[in-house]
Structures are given as C-alpha cells and as structure tokens.
Amino acid sequence: MKAEVVVVGAGVTGVLTSAALFEKGIHNIVLVEKNYPGSGGSFRCATGIRASFTSREHIEVMKRAIELWPAISAKYGIRYSRDGYLWILTRERDVEFFKKVVEFQNSRGVPTRMIGPSQVQELVPTMRTDKIIAAVHDPMAGKASCFEAVLNPLAVLRKQGITILSNTQANKLIVENSAIKGVLTSKGIIHADQVLVAAGGESKDLLKTVGIDLPIRNIPKHVMVSETFKPLIKPLIIDWSTSSYILQLLHGNFYIGADIPEEHDVEASNRLEFLRKAARVWSAYFPWLREVYILRYWTGYYDMTPDHHPIIGPFKEVEGLYVAAGFSGHGFMMAPAVAEALAEYMTGGKPVVREFENLNYERFAKGEVIKEIAVFG
C-alpha cells in the first residue's frame, strides 16, 4: 500500500490532523489504529477545555484551541459549551499561590478571577461551600463531546476516501538514509514519505524502532461515571487540595476523577482506594451524591513527559517523521490547535502559534524543559 501520509493513532489528534491535512490538499492518507478509533485516551477523557494553565506555552496553545473549537464543532456537529471551570481552594497557602497564577493568566489574556464561597454558590447552587475559602473561576473554559469529536470527523474522512485501518498494529517505522519511508504494520507495509505518530503512550515504543527515545511514562488514572440526570452542575469543578474533579457530561452523567498514588508504566487496574476517595471528596460537597448510582468505572493513562507538556512536531534525526504525544492529560482539549500546527509543519509551513516550536523533542536534550503545575486527576 502507498500513501502520502500515514497517521498512527485514530484518537482525536490523529483524526483532526488527518482532516486538517485533507483541507490542505493531501488526500491519500492512511489512518492506522491498533484497536478502534478513540479507544485510547480520547474516549476516556473528562472532555474539559481550558486555557487556565501556568505556562506560556500551554496558555497560548489553548487560547488558539478555544478559538478553533466553535468552528470545529459547527463543522462536524460536535456538542460544545463554555460552562467554565472552578478551582476550589480550601487551604490558605493555595489561595496565595493562585492569586499569582490568576495574575499571570490575566497578563496572557485568560480572564480567570478569584471569587468567594458566595459566588461559588451562585455558579453551583447544589454545592456545599462551608469548607471553601476561595475559588478560581475560568469563564472561558468549557467541554465538548469526546465521542462526537472523533466519530463525526471520521465519518467525513471516510466519505472523502481516507483509508482507516482499525485493529491494525503499527510495529515498526521504516527509515532509509535518515528519511521516513513507511510503516510496517500487522497487515503489511504502508509506504509513505511522511508519518505522524500520535499513539499516546505507545508512541514511545514505535519511535524506539528508529532509535528515538521519547521521555514519556504512562501513569494509570481512574474515573467513575454515574447514571444520567437533568443539568445540575455546569462548570467542571476541581478540588485542588485532593487533586480530584467532577463534571456533568453533556448527556447528563456525572464524571468523577480523583488522584491516588500510582506507579509509572504499570498495568492499570481498578482500585477500591479510588472509589473511596472520590466518593468521600465529592459527597462532602454534594451530599445528594450518596444516593446516586455509579454505572461504570474505568482506567486509562496519562502519557506524561518530565515537564508535563506534549512533544509536537518534526524530528531532526528523520526527515518526514512527526510526533504528537506526551500530552499529560491535556490532549483532547488541545486537539484542534495541534492538528492545525501539524498540518502546517507537514506542508512546509510554521504553526500559527509560535509557542508550538518550544514543544519540540530537542528541548529535553537542551535542558529547555517547561514546567506546568496545573495538572490534576
């Protein structure tokens, strides 16, 4: 099989990048997926979209993503809403820290603000606020349907003639004279002059086949999902002191995550410790949650880099080889901006957002890491 571009990984990044490349005139694209489209992090994510980060790179990339989400949503029929984020603070030291964070975010054009318990009550009337000292409200943040963000563009790509190979393992990258030549898969070789690896934590194993060692480690994460209710909670709410969060998904389920101690690069498994912590934290804020049935509990992974920022763009070592991985839990929200940037790279241009160039693979060897603090769940 011969293609102009092979994209490894049919999550939201791979799918939206394929769509962006098609719009730029690259029509012979093969999308390779180990399982089924969206089966990695995309269908397990919290669907949140925010620019309230602590690094310039994350903020500028996410401001662009937030600009693009409405157009992407309208084009593909993806449900998207800007219901905001709330960062709940219950310790004085966190309040002082977030005052500085808000000042920095405001300086970069993100309209976060410090609010008190009474304002939290106005935003979430069903929430107890007696233990809350203050909160950070991000009105620009929102959420989108993770299922529609993958499946709707994918349906359009199918009609346009893009080849999608599900249940197909990418085993090895083929390189000759320091240039990419294709991908060896479980269904044979796909010859191509450009390859994008966007396979989450598994990107590391594939790139090792050409001697590139991504500094990515997978860490298990846990989520439980309730039965469906009428709209009760609009913003995504983060309890900063416990690294836990809750939101009501667009179709009505409550989606609850909580951080528990985990080892890197181990198989994710269900943990009673998670259920206990998540229930304890959020039933204190929403006592009525004690009466709610939990329908599902699943595990997934954050593919983490040392500085909690993704690795995006080309490799100097191999011409025609590109990567988008190591999103550290933020890949879904960034996807429209990442797709735009990769499509520019892969057609000989530069990203609209210059900060993408700081997210290259070489930054680790150069010691130019960029620290992000606002990681939770």
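Here is a short exchange on how terms are applied to this predicted model.

Reader: What should I know about the model before asking?
Author: The model is predicted: local features need pLDDT of at least 70, side-chain atom pairs count only at pLDDT 80 or more, and totals for chains, interfaces and linings use all residues. Residues are numbered from 1 along each chain as its sequence is written, and side-chain values use heavy atoms, with hydrogens and water left out.

Reader: Why is H2 called roughly perpendicular to H8?
Author: Helices are DSSP runs of H or I with at least four residues, strands are E runs of at least two, and both are numbered from the N terminus. H2 and H8 pack at an angle of about 90 degrees, their axes 7 Å apart. Axes are lines fitted to C-alpha atoms, for helices over the stretch in contact, and angles run from 0 to 180 degrees between N-to-C directions. Under 35 degrees counts as roughly parallel, over 145 as roughly antiparallel, 65 to 115 as roughly perpendicular, and the rest as oblique. Therefore H2 is roughly perpendicular to H8.

Reader: Which residues make the contact of H2 with H8?
Author: Contact means heavy atoms within 4.5 Å. In H2, Trp69 and Ile72 are among the residues that meet H8, whose side includes Phe332 and Pro336. The contact residues divide into eleven nonpolar, one polar and two charged. Here Ala, Val, Leu, Ile, Met, Phe, Trp, Tyr, Cys and Pro count as nonpolar, Asp, Glu, Lys and Arg as charged, and the others, Gly among them, as polar.

Reader: How many cavities does the search find, and what lines the largest cavity?
Author: The search finds one cavity of 30 Å³ or more. The largest cavity has a volume of about 50 Å³. Its lining includes Ser52, Trp87 and Ala374. H3 gives the most, with four residues. By class, the lining has six nonpolar, four polar and no charged residues.

Reader: What is known of the second largest pocket?
Author: Its volume is about 260 Å³. Of its 15 lining residues, the closest to the centre are Ala20, Glu23, Ile72, Pro336 and Glu340. Helices H1, H2 and H8 each give two or more residues to the lining. That lining has ten nonpolar, no polar and five charged residues.

Reader: How do you know that S5 and S14 pair?
Author: Two strands pair if DSSP finds at least two bridges between them. Four bridges join S5 to S14, which run parallel. So S5 and S14 pass the cut-off. Leu86 has Ile237 as its bridge partner in S14.

Reader: Why are S6 and S17 at the edges of the eight-stranded sheet?
Author: The order is S6-S7-S5-S14-S15-S16-S13-S17, in an open sheet with mixed pairing. S6 and S17 each have a single partner strand, so one side of each is left without a neighbour in the sheet.

Reader: How do you know that S4 pairs with S8?
Author: Two bridges join S4 to S8, which run antiparallel. At least two are needed, so S4 and S8 pair. Ser81 stands opposite Lys143 in S8.

Definitions and conventions. 1 Å grid on protein atoms, 1.4 Å probe; cavity = no way out; pocket = protein on both sides within 12 Å on 5 of 7 lines; lining within 4 Å. Points joined across faces, edges and corners; volume = space filled by probe spheres on them.
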